[in-house]
Amino acid sequence: MDVLAATTDAPLATGADTVVIGLFEGEGIAHDVEGGALQALVEAGEAKPGFRKLALWHAEGVRWLVVGLGAREAFDPERARVAAAVAHGRARELGARRVCWEVPHKVTDAHVAALVEGTVMAGYRYTAWKSAADDEDGAGLEWLVLSAHHDVDEASRRGAAAGRAANAARDLQNAPANEMTPTRLAERAREIEGVSVSVMGRAELVEAGMGAFAAVAQGTEEEPQLITIRYDGPGATGPLLGFVGKAVTFDSGGISIKPGAKMSEMKFDMSGGAAVLAATEAIAGEQLPVRLIAVIGATENLPSGRAYKPGDILRASNGVTIEVINTDAEGRLVLADCLAHAVREGAERLVDVATLTGAITSALGSTYAGIVSDDDDWCARVEAAGRASGEIVWRLPLHPEYADLIKSRYADIMNAVESRKAGSITAAEFLNRFTGGVPWAHLDIAGTAWDTGRAYAPKAGNGMATRLLLELARAHAA
Ligand code: BES
Ligand code: MN
Ligand code: ZN
């Protein structure tokens with residue numbers, strides 16, 4: 001779906017076959033069709049202002065969709081994304097190809113961007129492995145255009161870029177693990193324009209003393225890849241951003257093998273890496289004035305005669321020794337060396353993104369991602385990016401007593417706590433041993449990266465954290 005340059009022309013002049021109009025509670029139709037048919041629909045109670053309500057009318061040769069936006073005070077950008085997705089769904093069902101959204105009066109640029117973002121994301125389909133198109137679903141939109149009294153082109157572009165970035169991350173997530181191997185992910189990173197990419201394989205990981213990452217990769221024949229992407233934006237002045245993503249392309253649990261139920265979902269265990277890759281691509285695409293180092297730790301976690309085992313003791317590249325209690329707590333081992341690497345490479349602000357713990361789903365469900373940080377100011381910035389993008393995060397604490405829980409009898413720390421107390425926090429305490437004192441925020445997206453049921457991302461991988469990272473970089477640039 002193309003997003004056309006926004007226009008100040010009236011919707012009918014755009015050549016759209018479908019015009020979408022939002023309706024707020026207690027307000028009327030701003031620009032009606034000839035004869036006032038839409039306002040008549042409102043008065044008859046057929047077109048309702050309740051949030052997500054839909055009514056359809058045909059006039060002047062096109063289809064008119066009236067979408068309820070609820071109360072104006074409650075209409076935030078997230079509601080705009082949802083309203084756009086709901087309208088998109090009905091439009092698509094009706095065979096619409098060219099859609100014009102009439103931007104409601106007196107909304108902000110953030111709302112405008114969200115309308116486009118929501119439509120672009122709602123139009124996403126993962127069909128790479130389908131032999132035939134699903135007839136029921138129709139062809140999808142050819143284009144979307146926004147019509148407003150003032151110039152909303154810039155906002156519209158920003159929304160389109162964010163939506164496309166999320167969709168790019170979804171493609172990486174949804175691809176099966178036999179296709180989206182660490183090697184394929186590294187190839188995909190090399191396709192990004194305007195950045196420099198370097199990749200370390202198994203021998204280099206071992207050579208560099210990255211004993212934690214290398215141990216996880218021991219059980220698989222697939223070559224692990226530590227992918228480093230550098231972006232040096234024009235006119236950048238701020239501190240060097242470090243994005244770190246967990247990309248376990250398949251997590252079987254290893255020797256501490258997972259139960260079979262839903263194990264296929266563990267192809268999504270690279271969602272953090274997908275978000276980091278797609279956000280980096282969007283940041284470079286926008287030529288944002290920031291400096292960024294993105295590190296993606298990609299490997300499978302499989303059992304085999306060579307696999308690492310519970311009881312093994314590893315040494316990470318910063319010298320910290322780790323007793324393996326559970327080989328299914330592999331993400332923190334991969335991230336340990338990736339974080340230490342980002343710090344060595346000069347990162348001055350860290351964000352890591354990982355499907356790290358099942359416990360985060362118990363704590364926060366699929367609504368908030370967890371955030372743990374050792375720096376209030378940096379944390380506030382990441383939280384703000386979460387609010388702006390709709391990828392909301394909720395902070396969990398660090399505390400010396402939690403840090404004590406990961407002390408090991410034989411090594412410095414251990415990778416899992418048998419009691420399972422505070423599972424998401426102890427995982428973060430573990431990561432914090434590898435951040436070298438650099439302001440750091442950890443995002444646990446295990447509960448929010450797929451099947452979250454949002455209108456613009458109902459099923460499968462949803463690109464979680466891509467838009468948050470992009471927003472964080474945009475704010476960092478400002
Ligand atoms: N990738 C999983 C976490 C996960 C679980 C993500 C379910 C999404 C859905 C991670 O590698 C893992 O297995 N974590 C363990 C840690 C435990 C052994 C300390 C967990 O959460 O059970
Ligand atoms: Mn695991
Ligand atoms: Zn995992």
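Is Thr 181 buried or exposed? Thr 181 is buried, because its relative accessible area is 9%, and buried means under 20%, exposed over 50% and partly exposed in between, with a 1.4 Å probe and protein chains only.

Before going on, some ground rules. This is a predicted model, in which local features need pLDDT of at least 70 and side-chain atom pairs count only at pLDDT 80 or more, while totals for chains, interfaces and linings use all residues. Residues are numbered from 1 along each chain as its sequence is written, chains are lettered from A and ligands numbered from 1 in the order in which they are written, and side-chain values use heavy atoms, with hydrogens and water left out.

Back to Thr 181. This residue sits in the loop between helix H4 (153-174) and helix H5 (182-190); helices (H or I, at least four residues) and strands (E, at least two) are DSSP runs, numbered from the N terminus. Setting aside residues up to four places away in sequence, Thr 181 touches Glu 222 and Thr 249, where contact means heavy atoms within 4.5 Å.

Next, the ligand. Ligand 1 has 17 residues around it, and Lys 258, Asp 269, Asp 328, Glu 330 and Gly 358 come nearest; a residue is counted here if one of its heavy atoms lies within 4 Å. By class, this shell has 5 nonpolar, 4 polar and 8 charged residues. In that scheme Ala, Val, Leu, Ile, Met, Phe, Trp, Tyr, Cys and Pro are nonpolar, Asp, Glu, Lys and Arg are charged, and the others, Gly among them, are polar.

Now the individual atoms. A nitrogen atom of ligand 1 is 2.8 Å from an N or O atom in the side chain of Asp 269. An oxygen atom of the ligand is 3.2 Å from an N or O atom in the side chain of Lys 246. From Leu 356, a backbone N or O atom lies 3.4 Å from a ligand nitrogen atom. Taken alone, ligand 1 exposes 510 Å², and the protein buries 83% of that; the areas come from the Shrake-Rupley method with a 1.4 Å probe, and for residues only the protein chains shown count as cover.

Where is Asp 269? Asp 269 lies in the loop between E9 and H8, and it counts as buried because its relative accessibility is 2%. Its side chain makes a polar contact with the side chain of Lys 246, at 3.2 Å. A polar contact is a pair of N or O atoms within 3.5 Å; within protein, one must be able to donate a hydrogen and the other to accept it, and residues adjacent in sequence count only if both atoms are side-chain atoms. Beyond four places in sequence, the contacts of Asp 269 include Glu 330 and Thr 355.

In the loop between strand E9 (241-251) and H8 there is also Lys 262. Lys 262 has a positive phi near 65° without being a glycine, and it is exposed, at 61% relative accessible area.
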